Amino acid sequence: MNPWMKLSIDYANQRNYLDDLFKVYPTIPEGIRDLQENDWTSVEKAFRKKDNIKLLKSLLNLDLFPIKDSYVAYLRRDISALERNPDTVNRLAGRLYEMGLNKIYEHCSEPKETNRQIGPLFKRWINNKSLGITPVNIGQFLKVKGNAILNAGDAEMMSFASEHLGYKHNKGLDFIARFNGKYIIGEAKFLTDFGGHQNAQFNDAIATIKTKNVNAVKIAILDGVVYIKSKNKMYKNITGSLKRENIMSALVLREFLYQV
């Protein structure tokens with residue numbers, strides 16, 4: 001197995017992965033989600049005792065969680081992550097206490113669309129010098145000799161990759177860099193659940209690293225439910241036919257780049 005993929009899987013299953021990932025994808029609450037009232041008594045008891053973990057477990061047992069948050073789907077799939085990610089637990093519980101029991105119950109009737117507006121967050125994280133260097137425009141990227149990260153729009157990235165690296169794939173790129181004299185290109189995806197749109201996002205990232213005749217190291221920067229050890233299709237793929245590919249979490253990207 002690719003060592004960076006293994007490191008990412010271990011990170012997600014043994015450390016406070018979601019707490020750290022929030023620095024990369026700081027999702028903003030945009031509304032309240034519908035839920036079914038199955039175990040309301042259990043919710044009330046946990047709420048009044050201010051038992052954060054029990055409160056979240058009780059709500060995760062319902063058909064729908066009462067607030068929008070991209071990290072909830074991960075917790076649904078791996079309930080043990082509650083014990084390893086105290087900041088995420090406290091953050092979610094804090095929002096619930098702020099709402100109050102009446103509001104939680106009151107907002108149970110109208111489902112709202114899931115927020116997927118998290119695409120720009122990865123680039124924002126990169127631009128905050130999270131990888132140790134400040135991204136630069138195309139002119140500077142071509143001019144400097146050392147390590148560099150390209151800061152450009154989708155069209156500019158595609159144009160650069162096509163002209164300078166032989167990239168002919170029709171999907172855009174989220175990341176172009178040069179470290180230790182090597183070019184690195186990739187897509188970044190935060191996979192919040194399994195199925196449908198999320199599977200399509202996963203497939204887009206994999207198609208990028210499968211592109212042939214590119215003069216660059218190709219990577220897929222994946223985060224979310226993909227690293228939950230289970231029989232889900234994503235996990236089976238990355239640990240099966242894709243186990244030697246450069247698939248990794250954004251949280252280990254910095255270490256990968258400096259040793260590439």
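These questions and answers concern a predicted model of one protein chain.

Reader: How many helices and strands does the chain have?
Author: The model is predicted. Its secondary structure consists of 14 helices and 5 strands.

Reader: What radius of gyration does the chain have, and why does it agree with a compact globule?
Author: The C-alpha trace spans about 60 × 35 × 30 Å along its principal axes. For 260 residues, a compact globule would have a radius of gyration near 18 Å. The value for the chain agrees with this, because it is 20 Å.

Reader: Which residues touch the most other members of the largest nonpolar core?
Author: In soluble globular proteins, nonpolar side chains tend to be buried together. Here the largest nonpolar core holds 72 residues. Its largest share, 5 residues, comes from helix 1 (residues 3-14). The residues that touch the most other members are Phe122, Phe175, Ile247 and Leu253.

Reader: How many residues are in the other core, which lies apart from this one?
Author: Among its members are Val136, Ala148, Ala152 and Val214. The number of residues in this other core is 15.

Reader: Which residues does Ile247 touch, leaving out those up to four places away in sequence?
Author: Ile247 is one of the residues that touch the most other members of the largest core. Its contacts beyond four places in sequence are Trp4, Met5, Ile206, Ile209, Ala220, Leu222, Tyr227, Ile238 and Leu242.

Reader: Which helices do the buried residues of helix 4 pack against?
Author: Helix 4 covers residues 52-60, and its buried residues are Asn52, Leu55, Leu56, Ser58, Leu59 and Leu60. These pack against helix 3 (40-49), helix 5 (72-77), helix 6 (81-84) and helix 7 (86-99).

Reader: Is Lys210 buried, partly exposed or exposed?
Author: Lys210 sits in the loop between helix 12 (196-209) and strand 4 (217-224). Beyond four places in sequence, Lys210 touches Lys218, Leu242 and Glu245. Buried means under 20% relative accessible area and exposed means over 50%. The relative accessible area of Lys210 is 38%, so Lys210 is partly exposed.

Reader: How far apart are the centres of the positive and negative side chains?
Author: The chain carries 39 positive side chains and 28 negative ones. The distance between the centres of the two sets is 7 Å.

Technical notes:
Residues numbered from 1 in each chain as written. Predicted model: local features only at pLDDT ≥ 70, side-chain atom pairs only at ≥ 80, totals over all residues. Heavy atoms only, no water. Helix = DSSP H or I, 4+ residues; strand = E, 2+ residues; numbered from the N terminus. Rg over C-alpha atoms; globule rule 2.2 N^0.38 Å. Lys, Arg positive; Asp, Glu negative; His and termini not counted. Charge placed at Lys NZ, Arg CZ, Asp CG, Glu CD. Core = buried A, V, L, I, M, F, W, Y, C linked by side-chain atoms within 4.5 Å. Buried < 20%, exposed > 50% of the residue type's maximum accessible area, 1.4 Å probe, protein only. Contact = heavy atoms within 4.5 Å.
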